[in-house]
Each structure stands twice: as C-alpha cells, then as structure tokens.
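Welcome! Keep the view open as you read.

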Amino acid sequence: MLLTLAWAAQPASAADDRALIDGLRRRDPEAMARLYDQFGRVVYALIHRIVQNPGVAEDLVQETFLRVWNQAQALDPERGSVAAWLLTVARHRAIDWRRSADGKRDSSRWETYEDERPGNFVDMEKVLVDADQARRVREALSKLNEKQRGVIELAYFEGLTQTEMSARLGEPLGTVKTWVRAALKCLREELSVEP
C-alpha cells in the first residue's frame, strides 16, 4: 500500500520535486501549500489506514506537515524524494499515536526526529515510485494466506511486535512467529523473481 501511495503522490518530474524542496527550504508558504495540495490526500489515506479515526487522522496530517516544515532545511533533493520522507514521517506519527492510545507510548520515539531525518532516505524514492514494484508487492501480498497477511499488516501499519501480535490475536507466540516467518519467506521468494 505504501508503495502505491508513494507512486500516486509523486511530482510530475524530478525538477518539480527539487523546486518544491527548494521552496520549503526557503520557508516559502506557497511551497508548503503546493506540498499539501499534492500530498495531503495521500498522507491522510496512509494515516487513516493506521489510526482508523478521521479526527485523529486530520490532526496527525497537520503534525506531519508541521514536522516537514520545521525540518525542511535538512532535506537534500539529491539524496531522496520529498514523497519518501513525507510518507515515512506520516507513518511514524500514526504508529506513535497508536502506541500512545494503547498506553504503550515510548516517549523517546515521540520526541525524537532520528528515524525521520531526510538523509535516511537516500535513493529510497527509486523503490517507492516504481509502479511495477508496487504491482509486484500487491501480487506477492495476495499470495499470502489470511493469517500471514494479517501479521504483516499488524507489523507494518500498527508497528506491533510479535509478542504484541500474539496478545492481540489470542494465539501462541510460536504460532505468530511461524506465520511471520512463512509470510516473509513467501514475500522474499515472490519479490526476488525477476518479472
């Protein structure tokens, strides 16, 4: 899903992406408006998918764009796309909210920007924007059984550990670990085959 969202949210060209980043770095309100117009729906869709609450999703979209505005100086257009960074920030905001809402908030994650530094996303857009890759991921996910797909979604969209999945699903930890291993093996095999 993230691959599909990132692909759908891409600027028309690398030059457009670079101009957008340059505008953000200059603290140009018009650049922020363009960023929101271009990516607002995609960011909302990703966050809403994780938090399942429209009001919370709207608040987290605002937090995401504020985070980007405050850290725009660190974004280097040569090292990664704004889409990759923006969607990763959005995902982190949503998972942080899920954890805090369940009484599992890790305060150091809430306050740190380490996982969202733009330099962490060097060349990430090459993976995220590849429509063919997105199609292959969807096809690989469709080959998982319901249990395997469920644990992958819990890990990705909710950031749950295997122990947390076990408690949530009411299944033994060993069973959950088996599902995760089998799912990852299947995905690895499906995605390693050249089209």
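Predicted model: local features only at pLDDT ≥ 70, side-chain atom pairs only at ≥ 80, totals over all residues.

Residues are numbered from 1 along each chain as its sequence is written, and side-chain values use heavy atoms, with hydrogens and water left out.

**A pair of helices**

- Helix α9 (residues 146-158) packs against helix α11 (residues 173-192) at an angle of about 90°, and their axes lie 9 Å apart. Helices here are DSSP runs of H or I with at least four residues, numbered from the N terminus.
- The two helices, α9 and α11, are therefore roughly perpendicular (an angle of 65 to 115 degrees).
- From α9, the residues K147, Q148, V151 and I152 meet V176, W179, V180, A182, A183, L184 and L187 of α11. Contact means heavy atoms within 4.5 Å.
- The residues of this contact comprise nine nonpolar, one polar and one charged. Ala, Val, Leu, Ile, Met, Phe, Trp, Tyr, Cys and Pro count as nonpolar, Asp, Glu, Lys and Arg as charged, and the others, Gly among them, as polar.

**Nonpolar cores**

- The largest nonpolar core has 32 residues, and L24, L35, F39, V43 and I47 have the most contacts inside it. Such a core is a set of buried Ala, Val, Leu, Ile, Met, Phe, Trp, Tyr and Cys residues joined through side-chain atoms within 4.5 Å.
- Two or more residues of this core come from each of α2 (14-25), α3 (29-51), α4 (54-71) and α5 (82-101), and α3 gives the most, with 10 residues.
- A second, separate core has seven residues, including V151, L160, M165 and V176.

- Q148 sits in helix α9 and counts as buried at 12% relative accessibility. Buried means under 20% relative accessible area, exposed over 50%, and partly exposed in between (1.4 Å probe, protein chains only).
- Q162 belongs to helix α10 (residues 162-169) and is partly exposed, at 28% relative accessible area.
- Q162 and K177 are 15 residues apart in sequence, and their C-alpha atoms are 6.6 Å apart in space.

**Positive phi in two loops**

- Most residues other than glycine have a negative phi.
- R27, in the loop between α2 and α3, has a positive phi of about 65°.
- Q52, in the loop between α3 and α4, has a positive phi near 55°.

Technical notes
Axes fitted to C-alpha atoms, helices over the stretch in contact; angles between N-to-C directions. Parallel < 35°, antiparallel > 145°, perpendicular 65-115°, else oblique.
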